[in-house]
Amino acid sequence: MFSFELLFEAVVFGLLVGCFYAAISLGLSIAFGLLDVPHIAHAAFLVLAAYMTFLLGSYGLDPLVAAVLIVIPFFFFGVLVYRFYYEAFEKRGADAGVRGIAFFFGIAFLVQVFLSMKFGLDQRTVSAPYIGRSLELGDMRIPWRLIVVLCVAIALTVGLKLYLSKTFQGRAIRAVAQDAWALRIVGANPVLTKQWAFGIATAAAAIGGALLIIVSPVEPSLDRVYIGRTFCVVVLAGLGSMSGTLVAGLILGVIESLVLTMFGASWAPAVAYGLLLLVLAIRPQGLFRQ
Amino acid sequence: MTNVSKRTFLHGMGLGLGALVLPQRVWSQESPIKVGTSMALSGPLASGGRQSQLALQMWAEDVNARGGLLGRKVEIVAYDDQGSPSQSPGIFSKLVDLDKVDLLIAPYGTVPAAAIMPFAKERRLLMIGHIGYQINSKAKHDMWFNNSPWSDAESWVGGFFRLGKSAGVKKVAFLASDQEFAQNILAGAKSLAKSAGFESVYEQSYPPSTVDFSAMIRAIRAAAPDMVFVGSYPADSTAIIRAVNEIGVGPNVKLFGGAMVGLQYASIMQSLGSQLNGVVNYTTYVPEKTMAFPGIKDFLDRFAKRAPAANVETLGYYVAPFAYASAQILERAVTATKSLKHDVLADYLRKNEISTLVGPIRWGADGEWANPRVVMVQFRDIKDGDLEQFRQEGKQVILEPQQFKTGNLIPFQQARRK
Amino acid sequence: MKRGTIPFWVFAALLPAAAYGLPILGMNEYYFYISYIVLQYVVLATAWNILGGYAGYVNFGTGAFFGAGAYAALVVMLLFEAPLVVQIAVAALVGALMGLGAGLLTLRLKGIFFSIATIAVAIIIETFVLNWRFVGGATGVQIIRGPVTYGFETHTRMLFFVMSVLAVASLVIARYIETSWLGRGLQALRDAEVAAECSGVPTLRLKLIACAVSGALMAAAGAPLPLYSSFVEPHSVFSLNYSVMALSMAVIGGMARWWGPALGAVLIASSQQFAAFASPEFHLLIVGLLLIFVVIAAPGGLVGVIQWVGNWRVSRKEINRSASVVK
């Protein structure tokens, strides 16, 4: 039953879903990987963005157009959240530790309550020309929505990577991750830089959220499912590496897909998270960090 | 219980749903009859829970408008159990010990209801089940009367496999969620398929956090089955139907569906639209002429008017009539026996057939419906984005059981081509 | 002897005694049900705090330990018809071993990396239970409870008593850890692990002890669950909710003292029981706002607030006294 063809297609689907995992983790890769903020609310932001996409979709906007529209408000939202976090914790010097995590849990609660009060508990979907149709290549059919995800994921990864390595602002963000003091010497304000970076991270989460509702239906408490997955990808990648995040997402997607096809879907989570534990135990700096 | 203090009364009004007091009626000095229950008002099962809540509230208003029960006002006391088995035992103790409710309806859903069975049995409480599966199979409580149109797995998906048999199916594929209900049904479905002589060519249980079903549907297509049995929960049901539209399940498939929870929900039916065409799935009620039970049309019309204010779906076919009927069962038994004693009422229910909104009901020895009637419907001619179309006949054609049948199976692939 | 030691032991002895005696006083059965849940959260929050509060390691796998305890109890119940005491002991042992395992696996992980590892552990264990047919797999298991034992009238009263003993035990352990070398070592671990290591604190051993103790208590809290709800099913038992609640309770109550998490648990769990009648969303909203407020404005939690008020009153008194001396 495990024909070569089937296995090949399992890998293809794994790569596509992996792109999705990467796309929704990129924001966290910046916020947690580069800025060292324990951003537990990232998954909640994804779901929030998914609902905003749904809201704009109900006025007839395509989810991708909606994604572009919500990027800017989410950027400012992120800036605000970071400012709040900074004033409450980082400014006081000490590492926020447990309290930082609790703070973001609180934010995640608020997002969840807001969504269930505003939109109710029914699951929501969007419609678009590329949802429900597929590209036929011989006997193989690939859903267009996953192809859209693939394109967005690659564009987002490349865009962020270029931004972080080529622009002054981007380099400053990477520098602040390593040495805030040194950054101050070259004349950039580390706090403003981190604030800007967290805005970018939240904007990336906005795009990730739009992909979330393109790929599958959403409900207010969906963030619980994605907390583990997104952190898993970011840690596998090695903190703060954009291309590493993409590769880690692909690895997770392909492993899940292969386990599913060969051993049964119910074991897929154990294998994926087993891999994460292994990486944490042996190579805590992640797979793709020097 | 002749004198009810104002505080207790307000307590009931505030905490429970509080039936509206009609100003023109003068109630006797006796305290109201309280009907206690719990349902998920938050969490994943909440959409059905909130519909049940509204339906029960409507029942209480209707009864009070008719002059109450035994001349006393009725009142619903309902709490949120979040669909969790760790919440429901405490809630039922509260209902019985603190609120001193007179009558009980079990929690909505199998898991929270299973957790209160020992309590009900130890305390000898009459319990009307509300949409649950095989809750009494282990507890064997003789005062349990389930109000769900099924008893065992056979009654649930038997129709699906009978349809398969008559369509000449030989090979079957199974796809089911790794969760409580879906796995129970899957076990039943597999033994039914075996006894029908079908060959199982694919079997997959997927975890609830599964994001995308493309690879599974692809594998099903590769296995070339004649029918596909799916046991899924709302979020997965949508994703599976979508993946089937994208990937396809192969030209041989004559039947697709079976036990997909969620395809009865208005929001999901509306968002899937034409992608549903051809799917054959279980449900509890559809507006076909064979199911025009007395009173149901009127109830659903009123429900549709009340639904927006309660923030629930306006169709309300799947759960709401059964919630109303559960209360009706209690009402009929109380009126006939003029008693609130649980053993008296249970005795009456054992011996008599009760006519309700969802048809006449009689119970077997295990407390399940003696004549289960899960209907297998096929979605036909569904357009995109239109919710009101589901109120018309012919959109969800009943294929099984025979007594409600309104059409013949059109093979899945053929039905989709139309 | 330290100030407050005698009242503590009196309280520790009185709580189970009261739990035993209350039914005789005719307390309504319902309160045993909710008190059981509240005490269960007291154990969970206290256990969580041993690792999270003292050592600064945030465990997101509370549900995994709790669920493992429930399933361990279930297995010995199904296999040997073991009595509840044995079930709890086995569950605690399983929890301790799990804690030890998780500790060993995550030896060098700090901060949120440890938390992520605990999420992974939780998902892996849940997956195994889901695929384990003996305990019902995904469909869960319904238990038919036998007759009530140990001279109690109902199961709930018995379980409430048992949970009160567990709650007191967890408080005694937490208090011991806090006031002993263990607590000081863990604190050093939290504040500056490297420095602690350099100055000779056996960081590794301390961390493993904390993991094992915390895991054992969480699992013990889960052990009576099969008898309580008489239905065990993986998704609700392994819920991430337990981790989220334990964390919220400890943070809001105050992580620095042994009684902080217990205070938080009593407040949040009992208000949750009442919120179930009004609006569960409203309760989540309040907990979320409280969490944010506490971590920003009152880092010591309720304990900190209470101590601050106490100190303020004492200093007021002293000021008054010194003022009168001056007069």
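Let's start in chain B, with an open sheet of five strands in the order S2-S1-S3-S4-S5, paired in parallel. Strands here are DSSP runs of E, at least two residues long, and helices are runs of H or I, at least four residues, all numbered from the N terminus. Two strands pair if DSSP finds at least two bridges between them.

Which strands stand at the edges? They are strand S2 (74-80) and strand S5 (144-147) of chain B. Each has a single partner strand, so one side of each is left without a neighbour in the sheet. From one strand to the next, the twist averages 20 degrees.

Before I go on, two notes. This is a predicted model: local features need pLDDT of at least 70, side-chain atom pairs count only at pLDDT 80 or more, and totals for chains, interfaces and linings use all residues. Residues are numbered from 1 along each chain as its sequence is written, while chains are lettered from A and ligands numbered from 1 in the order in which they are written.

Strand S3 (residues 103-108) and strand S4 (residues 127-130) of chain B are joined by two bridges, in the parallel sense. B:Tyr108 has B:His130 in S4(B) as its bridge partner. Helix H3 (residues 88-98) of chain B lies across strand S1 (33-39), S2 and S3 of chain B. It runs at about 175 degrees to S1(B). Angles run from 0 to 180 degrees between N-to-C directions, and axes are lines fitted to C-alpha atoms, for helices over the stretch in contact.

Now the other sheet of chain B. This open sheet has seven strands, ordered S7-S6-S8-S9-S10-S13-S14, with mixed pairing. Strand S7 (199-206) and strand S14 (396-400) of chain B are its edge strands, each pairing on one side only. Neighbouring strands are turned by 25 degrees against each other on average, direction ignored.

Strand S6 (residues 171-177) of chain B runs parallel to S7(B), joined by seven bridges. There, B:Phe174 stands opposite B:Glu203 in S7(B). Helix H9 (residues 214-223) of chain B lies across S6, S7 and S8 of chain B, at about 175 degrees to S7(B).

Next, where the chains meet. How many residues of chain A are in contact with chain B? The count is 32, against 31 residues of chain B. Contact means that two C-beta atoms, placed from the backbone, lie within 7 Å. H1(A) gives the largest share of chain A's side, six residues. That side divides into 16 nonpolar, 11 polar and five charged residues. Nonpolar covers Ala, Val, Leu, Ile, Met, Phe, Trp, Tyr, Cys and Pro; charged covers Asp, Glu, Lys and Arg; the others, Gly among them, are polar.

Chain C also touches chain A: 35 residues of chain C are in contact with 32 of chain A. H5(C) gives the most to chain C's side, 12 residues. By class, that side has 27 nonpolar, six polar and two charged residues.

Last, a helix in chain A. Is H4(A) largely enclosed or open? Of its 23 residues, 18 are buried, so H4(A) is largely enclosed by the rest of the structure. Buried means 20 or more other C-beta atoms within 10 Å of the residue's own, with C-beta atoms placed from the backbone. After H4(A) comes A:Gly120, with a positive phi near 75 degrees.

Key: A residue is buried if 20 or more other C-beta atoms lie within 10 Å of its own, exposed if 12 or fewer, and partly exposed in between; C-beta atoms are placed from the backbone.
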